[in-house]
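My entries are below the display.

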Amino acid sequence: MKTSDFDYVLPPERIAQTPVRPRDHSRLMVLDRKTGAIEHRRFFEIGEYLKPGDLLVVNDSKVFKARLKAQDNIEIFLLRPEGQGWIALAKPGRKLQEGSSVSFEDGTTASVKEKCEDGTILIDFNRSAEDILAWTDQIGSVPVPPYVNETPADEENYQTVYAKQTGSVAAPTAGFHFTPELIEKLKTNGIRFASVTLHVGLGTFRPMKTDTLETHVMHEEWIDVPDETLRAMEETKKSGGRVIAVGTTTVRALESGVTHGFTSMFIMPGFVFKKIDGLITNFHLPKSTLLVLVSSFAGRENVLNAYAVAIKNEYRFYSFGDAMILL
């Protein structure tokens, strides 16, 4: 399929720059993926579309301060640990060669071990991954998307309320709409919760630059699907409940078939969904793998029509924007 089949025009003013407060007061579009019918609600009303016995599966990955300023106006954007080093992006990359030394503002140094064909580098700090995460928490900054003009003053605005496992360089934003109070209300009404971990990296946020979906190469991302989550899903299915994924990253974790390791799965039209019955998600960028995944689940025409309706009705788009539930 052509990548251009998943394009649309978004007025710049529809890109949300700040989150709604309270979080669960964002708008919610309800899309029937069989008929294409649309309803307009608020996120705190989502319980009206859930039934006792349904299972919501969330991605509990936590964003770390992956953006680092180095000397000579170089920026290093850490992605994930790799052996003794880290896969990273460097800006501007032309300043660095294999063997280059990188110095940071606090005196820390690292060496470039490899420049990869995909534009990433392998950089070695000669320290454990745990030490580097603790270090970035002191000197790094939260890597908000380029379409967000200002880094949130409160960094918790770029975390879900249930974030636990540190390792993402972008937030699983579908979860932004949940508050502790809403979660407790849903649980009281018989809705169950389970979690997976997918550390968001290039696989999720790098745009497609190929003309066709089939020629786009997904980057690997690390996932963990706990045994208790697998059991909860099995119990839910047996009892007639629905498994509803919160976010596209959760979908990839569940549908990949990998329980602990890396996945480079690219879900595109024709994919047979075996694990999920519903999806809660945000409104995604044009020609993104996330929009392709959502279209694979609910139908391209349904989704692109829903996006057109959302633009007409002045929904807020992208990370800090409004939500959809597809059932």
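These entries go through the pockets, then the sheet, then the salt bridges.

**Ground rules.** I am working with a predicted model, where local features need pLDDT of at least 70, side-chain atom pairs count only at pLDDT 80 or more, and totals for chains, interfaces and linings use all residues. Residues are numbered from 1 along each chain as its sequence is written, and side-chain values use heavy atoms, with hydrogens and water left out.

**Largest pocket.** I looked up the volume and got about 1,200 Å³ for the largest pocket. A pocket here is an open set of points on a 1 Å grid over the protein atoms alone, where a 1.4 Å probe fits, with protein on both sides within 12 Å along at least five of seven lines. The volume is the space filled by probe spheres set on the points, and grid points are joined across faces, edges and corners.

I then listed the lining (residues with an atom within 4 Å of a point). It has 49 residues, and Pro-146, Thr-204, Phe-205, Arg-206 and Pro-207 lie nearest the centre of the largest pocket. Elements that each supply at least two lining residues include strand E6 (74-82), helix H3 (202-205) and helix H5 (248-255). Helices (H or I, at least four residues) and strands (E, at least two) are DSSP runs, numbered from the N terminus. By class, I found 27 nonpolar, 16 polar and six charged residues in this lining. Ala, Val, Leu, Ile, Met, Phe, Trp, Tyr, Cys and Pro count as nonpolar; Asp, Glu, Lys and Arg count as charged; the others, Gly among them, count as polar.

**Second largest pocket.** This one holds about 400 Å³. I find 22 residues in its lining, with Leu-79, Arg-80, Pro-81, Trp-222 and Phe-262 closest to the centre. E6, E7, helix H1 (129-139), strand E11 (165-168) and strand E13 (221-224) each give two or more residues to the lining of the second largest pocket. That lining divides into eleven nonpolar, six polar and five charged residues.

**Sheet.** Which order do the six strands take? I read E5-E6-E7-E10-E9-E8, an open sheet with antiparallel pairing. Two strands pair if DSSP finds at least two bridges between them. Strand E5 (67-70) and strand E8 (101-103) are the edges, each pairing on one side only. The twist averages 40 degrees from one strand to the next. Its axes are lines fitted to C-alpha atoms, and angles run from 0 to 180 degrees between N-to-C directions. E5 and E6 share four bridges in the antiparallel sense. Arg-67 stands opposite Phe-77 in E6.

**Salt bridges.** I count eleven in the structure. The criterion is a side-chain nitrogen of Lys or Arg within 4 Å of a carboxyl oxygen of Asp or Glu.

Glu-221 pairs with Arg-252 at 2.3 Å between the closest N and O atoms. This links strand E13 to helix H5, 31 residues apart. Buried or exposed? I checked Glu-221. Glu-221 is buried, at 1% relative accessibility, and Arg-252 is buried at 4%. Buried means under 20% relative accessible area, exposed over 50%, and partly exposed in between (1.4 Å probe, protein chains only).

Glu-220 bridges to Arg-80, with 3.9 Å between the closest N and O atoms. Glu-220 sits in the loop between H3 and E13, 140 residues from Arg-80 in strand E6. Glu-220 is partly exposed at 40%.

Glu-48 meets Arg-41 at 2.5 Å, N to O. Glu-48 is exposed at 53%. I also noted a salt-bridge network that links Arg-41, Glu-45 and Glu-48.
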